[in-house]
Amino acid sequence: NGHVFSDQLPNRILLAPLTPPKQPTGWLFVGMVLLGLGIVATGGASATRALARAEGDTIGAKRAAIDVWTGVLLLALAAAMFAAYVYYLRA
(Lines give C-alpha, C1' and ligand atoms only; values in the text may rest on other atoms or scores of the structure.)
Protein backbone atom coordinates (compact mmCIF):
# COMPACT_ATOMS: atom_id res chain seq x y z
CA ASN A 1 0.00 0.00 0.00
CA GLY A 2 3.04 2.26 -0.21
CA HIS A 3 3.44 2.92 3.52
CA VAL A 4 6.89 2.35 4.98
CA PHE A 5 7.62 1.99 8.70
CA SER A 6 11.14 2.48 10.01
CA ASP A 7 11.82 0.80 13.33
CA GLN A 8 15.14 2.52 13.87
CA LEU A 9 15.30 4.85 16.85
CA PRO A 10 17.40 8.00 16.80
CA ASN A 11 18.68 7.32 20.33
CA ARG A 12 19.97 4.24 22.06
CA ILE A 13 17.74 2.67 24.65
CA LEU A 14 19.47 1.61 27.86
CA LEU A 15 17.75 -1.40 29.35
CA ALA A 16 20.15 -1.78 32.30
CA PRO A 17 18.08 0.44 34.65
CA LEU A 18 15.03 -1.74 33.94
CA THR A 19 16.62 -4.99 35.06
CA PRO A 20 16.02 -5.92 38.70
CA PRO A 21 18.97 -6.05 41.08
CA LYS A 22 20.48 -9.41 41.88
CA GLN A 23 18.68 -11.29 44.61
CA PRO A 24 20.20 -13.63 47.19
CA THR A 25 18.65 -16.79 45.81
CA GLY A 26 21.24 -18.82 47.67
CA TRP A 27 19.42 -18.03 50.91
CA LEU A 28 16.20 -19.33 49.46
CA PHE A 29 17.87 -22.50 48.18
CA VAL A 30 19.62 -23.23 51.49
CA GLY A 31 16.35 -22.57 53.32
CA MET A 32 14.57 -25.08 51.11
CA VAL A 33 17.29 -27.68 51.73
CA LEU A 34 17.07 -27.11 55.48
CA LEU A 35 13.29 -27.38 55.30
CA GLY A 36 13.55 -30.74 53.54
CA LEU A 37 16.14 -32.06 55.98
CA GLY A 38 14.07 -30.87 58.93
CA ILE A 39 10.93 -32.54 57.64
CA VAL A 40 12.72 -35.84 57.04
CA ALA A 41 14.56 -35.78 60.38
CA THR A 42 11.51 -34.82 62.42
CA GLY A 43 9.14 -37.22 60.68
CA GLY A 44 11.43 -40.23 60.78
CA ALA A 45 12.56 -39.69 64.35
CA SER A 46 9.00 -39.12 65.57
CA ALA A 47 8.02 -42.57 64.35
CA THR A 48 11.16 -44.12 65.83
CA ARG A 49 10.54 -42.43 69.19
CA ALA A 50 6.93 -43.58 69.27
CA LEU A 51 7.96 -47.16 68.49
CA ALA A 52 10.69 -47.08 71.14
CA ARG A 53 8.26 -45.77 73.74
CA ALA A 54 5.73 -48.43 72.85
CA GLU A 55 8.36 -51.14 73.30
CA GLY A 56 9.61 -49.63 76.58
CA ASP A 57 13.04 -48.75 75.19
CA THR A 58 13.85 -45.57 77.11
CA ILE A 59 17.36 -45.19 75.69
CA GLY A 60 16.10 -45.53 72.11
CA ALA A 61 13.34 -43.03 72.85
CA LYS A 62 15.86 -40.52 74.22
CA ARG A 63 18.10 -40.94 71.17
CA ALA A 64 15.15 -40.46 68.85
CA ALA A 65 14.09 -37.38 70.85
CA ILE A 66 17.48 -35.83 70.06
CA ASP A 67 16.82 -36.45 66.37
CA VAL A 68 13.35 -34.91 66.67
CA TRP A 69 14.71 -31.75 68.27
CA THR A 70 17.48 -31.56 65.68
CA GLY A 71 14.82 -31.71 62.98
CA VAL A 72 12.80 -29.00 64.73
CA LEU A 73 15.94 -26.86 64.90
CA LEU A 74 16.47 -27.33 61.15
CA LEU A 75 12.86 -26.31 60.54
CA ALA A 76 13.36 -23.19 62.65
CA LEU A 77 16.54 -22.31 60.74
CA ALA A 78 14.70 -22.77 57.46
CA ALA A 79 11.92 -20.45 58.63
CA ALA A 80 14.52 -17.88 59.67
CA MET A 81 16.21 -18.06 56.27
CA PHE A 82 12.87 -17.63 54.49
CA ALA A 83 12.10 -14.64 56.72
CA ALA A 84 15.50 -13.10 55.97
CA TYR A 85 14.92 -13.59 52.25
CA VAL A 86 11.49 -11.93 52.41
CA TYR A 87 12.93 -9.11 54.53
CA TYR A 88 15.64 -8.54 51.91
CA LEU A 89 13.04 -8.41 49.14
CA ARG A 90 10.99 -5.80 51.03
CA ALA A 91 14.02 -3.61 51.89
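**View 1. The overall fold has two helices and zero strands.** Helices here are DSSP runs of H or I with at least four residues, strands are runs of E with at least two, and both are numbered from the N terminus. With a radius of gyration of 26 Å, well over the 12 Å that the globule rule gives for 91 residues, the protein is more spread out than a compact globule. That radius is taken over C-alpha atoms, and the rule is 2.2 Å times the number of residues to the power 0.38. The C-alpha box, taken along the principal axes, is roughly 90 × 35 × 15 Å. This is a predicted model, so to speak plainly about cut-offs: local features need pLDDT of at least 70, side-chain atom pairs count only at pLDDT 80 or more, and totals for chains, interfaces and linings use all residues. Residues are numbered from 1 along each chain as its sequence is written, and side-chain values use heavy atoms, with hydrogens and water left out.

View 2. Look at contacts (heavy atoms within 4.5 Å) with a separation of 6 or more, and 74% of them join residues 24 or more positions apart.

**View 3. Thr42 sits in helix α1, residues 25-55.** Thr42 counts as buried because its relative accessibility is 16%. Leaving aside residues up to four places away in sequence, Thr42 touches Val68, Gly71, Val72 and Leu75. At Val72, the Thr42 side chain reaches the backbone nitrogen at 3.4 Å.

Technical notes: Buried < 20%, exposed > 50% of the residue type's maximum accessible area, 1.4 Å probe, protein only. Polar contact = N/O pair within 3.5 Å; in protein donor to acceptor, adjacent residues only side chain to side chain.
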